[in-house]
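Hi everyone, thanks for coming.

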Amino acid sequence: MLATRVLRLVGKRAIATSVCARGGHGVAKVEDYTMPAYFDRPDNPLPEIRFVQSLSAEQQSLKEKEKGSWATLSNEEKIALYRISFQQSFAEMNQGSAEWKSVIGGVLFFIGFTGLVVLWQRKFVYGPVPHTFDPEYKQKELQRMLDMRINPVEGFSSNWDYENKKWKKLQHFKECIGFIHECRLNGGSCLVHWAPRLRGVGSDFTTIARDQAISCKCAQLGEKTLPEWAGPADATRTDWSEPGRVVESSLSFFIHDPVSAINPADMCRRRLTCLDLTV
Amino acid sequence: MAHPSQLGFQDAASPLMEELLHFHDHALMIVILISTMVLYIILAMVTAKLTDKLVLDSQEIEIIWTVLPAIILILIALPSLRISYLMDEINDPHLTIKAMGHQWYWSYEYTDYEDLGFDSYMTPTQDLTPGQFRLLEADHRMVTPVESPIRVLISAEDVLHSWAIPALGVKVDAVPGRLNQTTFIISRPGVFFGQCSEICGANHSFMPIVVEAVPLQHFENWSSLMIEEA
């Protein structure tokens, strides 16, 4: 203990193998890790010792100058003093490295390699799957699941439209309209993106849409304009016509009249009046 | 049954399963909220620029993170206990069926009125008719009347088995020398599948349980037919 304190005053790093008297009971070898050491750590800003232990003549004179007024020190001298005491600045300490690229690259490489191994296994190791995986068999299985009304509440069969013999679409139309309504009530606006490929939407929609389509163009973010209703003239635009038909059939949710008896444009106008969205 | 790649529960076919679904939603929501908060805290700590190592205690946060988990645990425990006691309620079953587990098939006994018993073996894959479900179909189904409380007494003749049907929220161990009881009400007609849920040997995966819920008249017709055939 005494030895290290004396040496610190002198500013020299103690020799690792120096002995240390311990309460008169003998001597113990002084280990490296018990000696004061230099470190750069952002969470522990002041290391135990100065970085540069043996100062050159120039550095020594700078240290003498430091004892006077600091206003006389130039910027370069201040930096030189800093570099005597510290190896890295905080900026250098905290800067990241490009190691993450190698890490990501290595991870992806091994994932890819695993994929190759799996492919090889599929070809050379595994036997054939049971005949129940044949597409025709799967088709019959699916049909049987629908016939048996497997999970009819919220699961499998609930997504099948038994009357029209096709998969249902647009289950969440009510929630979407509710959300748009709330956005507008709170003074904001809502960008509505109509997905062009809704599940089950086919060519019959385009045909019907051409006859009596409405197209709905919703406001951009930041603008307070209301949806504009275009007439059948816009129906030929394929990106509008499908949503038009979808809106028509789905708005029958809210109004329990048969869809065909209603002019879709009127229906939408009526619906938006209920929601206080029309001018 | 589950559709291919299904991750969540099957639709409930009994009132108890509906309760279990609601409780699961409740508990999972709590779990997700806590996990999100912990993940956020981890990320915040890892990306923090400076570490303040000298904050050693704080009474306010200690109180909060002791009381709040206690409250959360109570909010989980109360519905859990409720549903647990609901399962053990005394009810008056209309029918008692005995399901016995064997290596590797189930046998069902309807002995309330007449002596009716039959075995239920899995339909082997090569014997499936097109459209039947692999590893789930059985040659004889356990037919029950719909919307009636049914008591099932479950035991085993050799090793441990377990009688389970996810859609009904039922899983009961079949222990040799012991009689376990469960009751359920099937809310809608249909066919409900389950698989043996306790390892019991080589064909443990190949002894499914198939329950068919039918209107009472159909059930009576079926049981008369089965008794005649025997």
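Let me begin with a term: a salt bridge is a side-chain nitrogen of Lys or Arg within 4 Å of a carboxyl oxygen of Asp or Glu. Here is one to find on your screen: the side chains of A:K63 and A:E66 meet in a salt bridge, 3.2 Å from N to O.

Before we go on, some housekeeping. This is a predicted model, where local features need pLDDT of at least 70 and side-chain atom pairs count only at pLDDT 80 or more, while totals for chains, interfaces and linings use all residues. Residues are numbered from 1 along each chain as its sequence is written, chains are lettered from A and ligands numbered from 1 in the order in which they are written, and side-chain values use heavy atoms, with hydrogens and water left out.

How many salt bridges does the structure hold over all chains? There are 10. Another one joins A:D43 to A:R41, with the closest N and O atoms 3.3 Å apart.

Now for the place where the chains meet. Counting contact as heavy atoms within 4.5 Å, 21 residues of chain A touch 24 residues of chain B. The buried area, meaning the accessible area (1.4 Å probe) that two parts lose on being put together, summed over both, is about 1800 Å² between chain A and chain B. Carbon and sulfur atoms give 57% of that. On the chain A side, A:Y137, A:R144 and A:N151 lose the most area to chain B, together 28% of what that side buries.

Which residue does A:R144 form a salt bridge with? Its partner is B:E137, and the closest N and O atoms are 2.5 Å apart.
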